[in-house]
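This report walks through one protein structure, from its overall form down to single residues. Keep the sequence and the model in view while reading.

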Amino acid sequence: MSEWFDETLHSGYHQGFRVKEVLFESKTEHQHLVIFESVDFGRVMALDGVIQTTERDEFVYHEMLAHVPLFAHGAAKDVLIIGGGDGGLLREVLRHPEVERAVQVEIDQAVIDMCVEYLPRHSNGAYENPKAEIVIGDGIDYVRNCDRQFDVILSDSTDPIGPGEVLFTSPFYEGIKRCLKPGGVFAAQNGVAFMQPDEVSTTHKRLSPLFDDCHFYAAAVPTYVGGIMTFAWASDNAALRSVPAETIAQRVKDSGIKTRYYTPALHSGSFALPQYILDTLSE
């Protein structure tokens, strides 16, 4: 690896991270994985040339993907995580005292192993938590065949290329529907809409026939450049998207969870989308 790591997500645009030291690099069964120490963002993980997470700003992404659906639901006991091998999302989910079981389905054991070793602050012991159940397998196979249902399902996948592509397809969303308890909610990372508008429009078209309420919320994650990152939101309970801010604030207070990015006000405001995204959804 050269002194700089240049991301390859976009064909006509890229960002670079100055590398202090390569900590781990390997071609696994499923993907090319590299973890390196950067100058400005701490330790960084990339899969197949695409930045997945950094120590410096991972809290923004993981807090918003976990806390918005969980505080909106308010009583989620069973949570399913698809992907998320770095452990950051599992860490945040397990902070909710009402959660009794968090099942994580990750396709690549090597990702978990390397992140526990080289990005230990992401999981922060979550993989040793007795409430965590780790399944090594394909997420789409799991939601098609599992015999249990969940209050909240979260998809923390890579972009829709390579192994992560199936996690943006109609069969996957149909599996999500069958695994979600009545009144539950599904949330998923959905790319940076300004740079990847097709991800938003395609997800909306595929989720809308399955759920009564399909929308998106957003957060500004510095690593995911090009504008705000969108998160898909789907539920048959439309009220979950408009829980009053004071109710959310009380739930946060009762939980005792301290956050670095997420707030009750941001929770409510995150569903207010810019016009260019609304236009994309209406096309």
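Helices (H or I, at least four residues) and strands (E, at least two) are DSSP runs, numbered from the N terminus. By this definition the protein has ten helices and twelve strands.

The model is predicted: local features need pLDDT of at least 70, and side-chain atom pairs count only at pLDDT 80 or more, while totals for chains, interfaces and linings use all residues. Residues are numbered from 1 along each chain as its sequence is written, and side-chain values use heavy atoms, with hydrogens and water left out.

**The whole protein**

The C-alpha trace spans about 50 × 45 × 35 Å along its principal axes. The accessible surface, computed by the Shrake-Rupley method with a 1.4 Å probe, comes to about 11,800 Å². Carbon and sulfur atoms account for 49% of this surface.

A residue is called buried under 20% relative accessible area, exposed over 50%, and partly exposed in between (1.4 Å probe, protein chains only). Of the 283 residues, 55% are buried. A contact means heavy atoms within 4.5 Å. Among contacts with a separation of 6 or more, 68% join residues 24 or more positions apart.

For charges, Lys and Arg count as positive and Asp and Glu as negative, while His and the chain ends are not counted. Each charge is placed at NZ of Lys, CZ of Arg, CG of Asp or CD of Glu. The protein has 23 positive and 41 negative charges, and their mean positions are 6 Å apart.

**Helix H7 and its surroundings**

Helix H7 covers residues 197–207, and its buried residues are Glu199, Val200, Ser201, Thr203, His204 and Leu207. What do these residues pack against? Their partners are helix H6 (170–179), strand E10 (180–192), strand E11 (213–219), strand E12 and helix H10 (275–282).

Thr280 belongs to helix H10 and is buried, with a relative accessible area of 12%. Leaving out residues up to four places away in sequence, Thr280 touches Pro197 and Ser201. Thr280 and Val200 are 80 residues apart in sequence, yet their C-alpha atoms are 7.5 Å apart in space.

Ala219 sits in strand E11 and counts as buried at 3% relative accessibility. Beyond its neighbours within four places in sequence, Ala219 is in contact with Val60, Met64, Ile228, Met229, Phe231 and Tyr261.

Ser235 is part of strand E12, which runs over residues 229–235. Ser235 has 0% relative accessibility and is therefore buried. Its contacts, again without residues up to four places away, are Gly183, Gly184, Val185, Phe211, Asp212, Asp213 and Leu240.

**Loops**

Gly42 is found in the loop between strand E3 (32–38) and strand E4. Apart from residues up to four places away, Gly42 touches Phe36, Glu37 and Glu55. Gly42 and Leu119 are 77 residues apart along the chain, and their C-alpha atoms are separated by 9.7 Å.

Most residues other than glycine have a negative phi. In Asp48 phi is near 50°, a positive value. Asp48 lies in the loop between strand E4 (43–47) and strand E5 (50–54) and is partly exposed, at 35% relative accessible area. Asn124 also has a positive phi, near 50°. Asn124 lies in the loop between helix H4 (120–123) and strand E8 (132–136) and is exposed, at 59%.

**Cysteines**

How many disulfides does the structure hold? The number is zero, where a disulfide is a pair of cysteine sulfur atoms within 2.5 Å. The table gives the distances for two cysteines.

| Cysteine | Closest cysteine sulfur | Distance between sulfurs |
|---|---|---|
| Cys179 | Cys146 | 3.0 Å |
| Cys214 | Cys179 | 18 Å |

The sulfur of Cys179 is too far from that of Cys146 for a bond, and the sulfur of Cys214 is too far from that of Cys179. Cys179 is buried at 0% relative accessibility, and Cys214 is buried at 13%.
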